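Have the viewer open as you read.

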Amino acid sequence: MEKRIVVLPGDGIGKEVTKGAVEVLQAVGERFGHQFHFTYGSIGGEAIDTYGTPLPDETIQHCKDSDAVLLGAVGGPKWDTQPPHLRPERGLLKIRKELNLYANLRPTSYYDSLAENSPLKKEYIENVDLLFVRELTGGLYFGKPSERVERDGKEAVVDTLYYQKSEMERVIKLAFELAEKRDQKVTSVDKANVLESSRMWREVADEISRQFPNVELEHMLVDNAAMQLVTNPKRFDVIVTENMFGDILSDEASVLTGSLGMSASASLSEDGPSLYEPIHGSAPDIAGQNIANPLAAILSAAMMLRLSFGMQEEAKAVETAVNQVLDAGYRTKDIGRTVNNYVSTSEMINEVKAM
Ligand code: NAI
Ligand code: MG
């Protein structure tokens with residue numbers, strides 16, 4: 001097969017880890033006889049410095065013309081004091097809207113060889129296998145108005161939580177479809193005791209669940225979900241929730257089994273190329289030192305192979321290589337609590353390619 005992949009390295013360790021994902025994809029292409037064509041685009045802080053905007057129009061068009069997008073991470077202290085429209089993160093929000101990336105999938109997988117890195121005891125996390133499905137283009141992060149106001153003569157602020165029912169339907173339906181192929185259980189997370197948007201969310205989940213008689217649906221309030229994720233993570237299979245709840249809870253879930261540096265994600269488009277990225281940020285504290293863990297980016301590339309290109313065997317080969325490298329004892333610093341010899345980013349990349 002022939003595929004066009006746009007790479008958006010972004011800032012900080014984004015550049016270092018996407019390099020690993022590209023090299024692994026190249027190795028997979030050679031081994032399985034595919035032609036992957038990589039081209040590069042600008043996003044985030046480096047785009048602000050070069051083009052004066054966190055997401056240039058050329059980048060958007062370039063991505064729309066591709067088969068899939070691989071993103072590193074954006075942001076850093078250099079741009080933290082900029083006005084909102086000149087923040088790197090604005091580039092992320094915009095690309096989600098432009099590519100219609102409505103669902104963010106974040107699997108949390110268990111690695112026996114990394115269990116000692118978890119803040120939780122092994123018995124709580126052993127064989128945890130859960131999948132977050134986070135709504136990505138609605139809710140508080142996109143609602144208008146979002147501004148400082150004066151009300152009743154007082155300094156105040158407004159953010160808006162806005163959802164169309166159809167935006168809830170498409171992401172909840174996807175969660176059920178994914179659960180059908182997994183352990184047939186969906187936990188829908190909301191705050192229906194307080195929020196009207198959550199009450200609609202709950203109604204939609206009930207409606208959709210009627211189309212999936214084999215899948216069990218449970219509703220859970222977000223505060224309870226935050227607690228159960230650390231006290232009883234094994235009870236979950238697929239968790240579906242709106243944008244902000246999903247942002248927070250999926251970061252929480254990602255550290256259950258080890259490190260941010262192991263957590264991959266896919267942001268699926270309804271009508272165009274999907275985007276794949278590690279869930280971590282640009283990690284300015286370790287950028288440029290060749291010590292970042294590239295596995296989250298590499299595992300994101302595996303998700304690309306499976307979900308965008310339908311390449312099951314190829315995806316499995318990457319995941320198996322990652323497992324073997326971990327079993328063989330290779331560790332970057334973030335996952336190396338119990339070893340003395342860390343490997344660098346580039347050494348880790350080479351080990352995965354060699355498996
Ligand atoms: P972060 O994820 O960049 O880093 C949090 C901590 O985890 C740091 O100590 C970092 O060194 C460590 N870490 C993260 N990824 C790692 C990896 N692959 N290997 C080893 N250690 C790793 O989050 P933080 O520090 O809150 O944000 C830094 C910048 O990244 C900010 O500008 C933020 O806005 C941005 N950010 C961007 C995201 C994206 O592009 N999708 C997501 C999250 C944050
Ligand atoms: Mg986040």
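The shell around ligand 1 divides into 11 nonpolar, seven polar and four charged residues. This is a predicted model, so keep that in mind throughout. In total, 22 residues surround ligand 1, and the closest of them are G75, G261, H280, G281 and N293. As for secondary structure, α1 (13–32) and α4 (88–98) each put at least two residues into that shell around ligand 1.

Now for the overall layout. The protein chain splits into domain 1, made of 1–107 + 260–355, and domain 2, covering 140–255. Where the two touch, nine residues come from domain 1 and nine residues from domain 2. On the domain 1 side, strand β4 (residues 101–109) gives the largest share, with four residues. Sort that side of domain 1 by class and you get five nonpolar, two polar and two charged residues.

Next, the helix pairs. Two packed helices are described by the angle between their axes and the distance between the axes.

| Helix pair | Crossing angle | Axis distance |
|---|---|---|
| α10 (residues 295–307) and α11 (residues 312–327) | roughly 160 degrees | within 7 Å |
| α6 (residues 165–180) and α7 (residues 196–209) | about 45 degrees | 9 Å |
| α1 and α10 | roughly 45 degrees | within 8 Å |

Take α10 and α11 to begin with: their axes cross at roughly 160 degrees. That angle is over 145 degrees, so α10 counts as roughly antiparallel to α11. The crossing of α10 and α11 is left-handed. From α10, the residues L295, I298, L299, A301, A302, L305 and R306 meet Q312, E314, A315, V318, E319 and V322 of α11. Sorted by class, the contact of α10 with α11 holds nine nonpolar, one polar and three charged residues.

Helix α10 also packs against α1, at roughly 45 degrees. The two helices α1 and α10 are therefore oblique to each other, and α1 passes α10 in a right-handed crossing. On the α1 side, V17, T18, G20, A21, V24, L25 and V28 make the contact, and on the α10 side A296, A297, I298, S300, A301 and L305 do.

Over to α6 and α7, which pack at an angle of about 45 degrees. That makes α6 oblique to α7, and the crossing of α6 and α7 is right-handed. K165, M168, E169, I172, K173 and F176 of α6 make the contact with M200, W201, V204, A205, I208 and S209 of α7. By class, the contact of α6 with α7 comes to eight nonpolar, one polar and three charged residues.

Last, a couple of backbone details to look up. Where does P145 sit? P145 is in the loop between β5 (129–135) and β6 (147–151), and a cis peptide bond joins K144 and P145, with omega about 0 degrees. N100 lies in the loop between α4 and β4. Although N100 is not a glycine, N100 has a positive phi of about 60 degrees.

Methods: Residues numbered from 1 in each chain as written. Chains lettered and ligands numbered in written order. Predicted model: local features only at pLDDT ≥ 70, side-chain atom pairs only at ≥ 80, totals over all residues. Axes fitted to C-alpha atoms, helices over the stretch in contact; angles between N-to-C directions. Parallel < 35°, antiparallel > 145°, perpendicular 65-115°, else oblique. Left-handed = near helix turned anticlockwise from the far one by under 90°. Contact = placed C-beta atoms within 7 Å. Nonpolar A, V, L, I, M, F, W, Y, C, P; charged D, E, K, R; others polar. Domains from an automatic or database assignment. Near = placed C-beta within 6 Å.
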